[in-house]
Amino acid sequence: AIDDLGFINCDPSGVPYRCGDDELTCPGTGICIKPEQLCDFHDDCLNGKDEKKEKCSQVPGYCTLDDNKCGWKDVENEFGYYWLTQSGFTLSLFTGPESDHTTGKGRYLHIETSQPHELGDIAA
């Protein structure tokens with residue numbers, strides 16, 4: 001029996017496929033992607049090569065919240081709400097996502113609203 005069969009760089013002519021002039025070739029997979037697909041938080045190359053932090057950190061506006069708050073700042077307020085970065089569930093039971101929406105392994109930004117906070121408090 002044959003198990004776990006995969007086809008890589010298959011082309012009926014036997015000649016490796018060449019990406020178009022307006023496309024980039026993904027290292028390791030040969031998948032062709034458009035330049036705007038680089039650093040878009042989606043693994044278009046199927047091996048993460050188009051989302052490498054070393055390369056993407058050079059892109060203006062690219063931020064994953066893994067190293068800092070990406071320009072989000074706390075505003076002093078009487079209620080004590082502050083922006084927090086978190087990975088995994090929040091400290092409050094049954095609230096918040098279990099992971100970030102980009103890689104599923106990174107951090108996300110949230111405000112803790114459980115006690116001692118009360119109904120009517122304002123977050124800034």
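## The link between Cys-63 and Cys-70

In this predicted model, Cys-63 and Cys-70 are joined by a disulfide, with an S to S distance of 1.4 Å. The torsion about the S-S bond is -70 degrees, and the link of Cys-63 and Cys-70 is accordingly left-handed.

The structure holds four disulfides. A disulfide is a covalent bond between the sulfur atoms of two cysteines. When the bonded cysteines are numbered in sequence order, the pairing reads 1-3, 2-5, 4-6, 7-8.

One of these disulfides is formed by Cys-26 and Cys-45, whose sulfur atoms lie 1.9 Å apart. This pair connects distant parts of the chain, 19 residues apart: Cys-26 belongs to the loop between strand S1 (24-25) and strand S2 (32-33), and Cys-45 to the loop between S2 and helix H1 (53-56). The link of Cys-26 and Cys-45 is left-handed, with -70 degrees about the S-S bond. Both Cys-26 and Cys-45 are buried.

Another disulfide joins Cys-39 to Cys-56, with 2.1 Å from S to S. A value of -90 degrees about the S-S bond makes the link of Cys-39 and Cys-56 left-handed. Cys-39 and Cys-56 are both buried.

Is His-110 buried or exposed? His-110 has a relative accessible area of 12% and is therefore buried, since buried means under 20%.

His-110 is located in strand S4, which covers residues 108-111. Leaving aside residues up to four places away in sequence, His-110 touches Tyr-82, Trp-83, Leu-84, Gln-86 and Thr-90.

## The largest pocket

Rolling a probe the size of a water molecule over the atoms shows where empty space is left. The largest pocket has a volume of about 290 Å³. The residues that line the largest pocket are Phe-41, His-42, Asp-43, Gly-48, Glu-51, Lys-53, Tyr-62, Thr-64, Asp-66, Thr-102, Thr-103 and Lys-105.

Which classes of residue make up this lining? The lining of the largest pocket comprises two nonpolar, five polar and five charged residues. Among the lining residues, Phe-41 and Tyr-62 belong to types that count as nonpolar.

## Overall organisation

The protein contains one helix and four strands. Starting at the N terminus, its elements follow the order β-β-α-β-β.

Of the 124 residues in the protein, 21% are buried. Among contacts in the protein with a separation of 6 or more, 27% are made by residues 24 or more positions apart. The accessible surface of the protein is about 9,600 Å², and carbon and sulfur atoms account for 56% of this area.

Notes. Residues numbered from 1 in each chain as written. Predicted model: local features only at pLDDT ≥ 70, side-chain atom pairs only at ≥ 80, totals over all residues. Heavy atoms only, no water. Disulfide = S-S within 2.5 Å. Helix = DSSP H or I, 4+ residues; strand = E, 2+ residues; numbered from the N terminus. Buried < 20%, exposed > 50% of the residue type's maximum accessible area, 1.4 Å probe, protein only. Contact = heavy atoms within 4.5 Å. 1 Å grid on protein atoms, 1.4 Å probe; cavity = no way out; pocket = protein on both sides within 12 Å on 5 of 7 lines; lining within 4 Å. Points joined across faces, edges and corners; volume = space filled by probe spheres on them. Areas by Shrake-Rupley, 256 points an atom, 1.4 Å probe, with all protein chains shown as cover.
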